[in-house]
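Here is a friendly briefing to read alongside the model. Take a look at the structure first, then follow the notes by topic.

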Amino acid sequence: MSIQINSDSVKITINNKFYPMNIVNKAIIDFRALCTVEKQGNILILKPKSDQDKQELAGEFMNYLLELIQNT
């Protein structure tokens, strides 16, 4: 996994072996209120809908993915 912070978005490259796509898709749906997500294979582009800190958004998204994995 890698995270790249850009001026208007966050690029997250995820490992498909560790993060199942059904879990990633659930997280994308659940984060709709906070950001738009463009999915390109194993690359996610998160664009905050507000002035939210992009580093914090990326961290919260990744933490949420881990929580979803633990609860399945």
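In which helix do aspartate 30 and lysine 26 both lie, and how many residues apart? Both are in helix H1 (residues 21-30), four residues apart, about one turn of the helix; helices are DSSP runs (H or I) of at least four residues, and strands are E runs of at least two, numbered from the N terminus. This is a predicted model, where local features need pLDDT of at least 70 and side-chain atom pairs pLDDT 80 or more, while totals for chains, interfaces and linings use all residues. Residues are numbered from 1 along each chain as its sequence is written, and side-chain values use heavy atoms, without hydrogens and water.

**Salt bridge**
- Searching the whole structure turns up one salt bridge, meaning a side-chain nitrogen of Lys or Arg within 4 Å of a carboxyl oxygen of Asp or Glu.
- Aspartate 30 and lysine 26 meet through their side chains at 2.8 Å, N to O.
- Aspartate 30 has 33% relative accessibility and lysine 26 has 40%, so each counts as partly exposed (between buried, under 20%, and exposed, over 50%, with a 1.4 Å probe and protein chains only).

- Isoleucine 3 sits in strand S1 (residues 2-5) and is partly exposed at 36% relative accessible area.

**Helix packing**
- The axes of H1 and helix H2 (residues 54-70) come within 10 Å and cross at roughly 130 degrees.

Terms used:
Axes fitted to C-alpha atoms, helices over the stretch in contact; angles between N-to-C directions.
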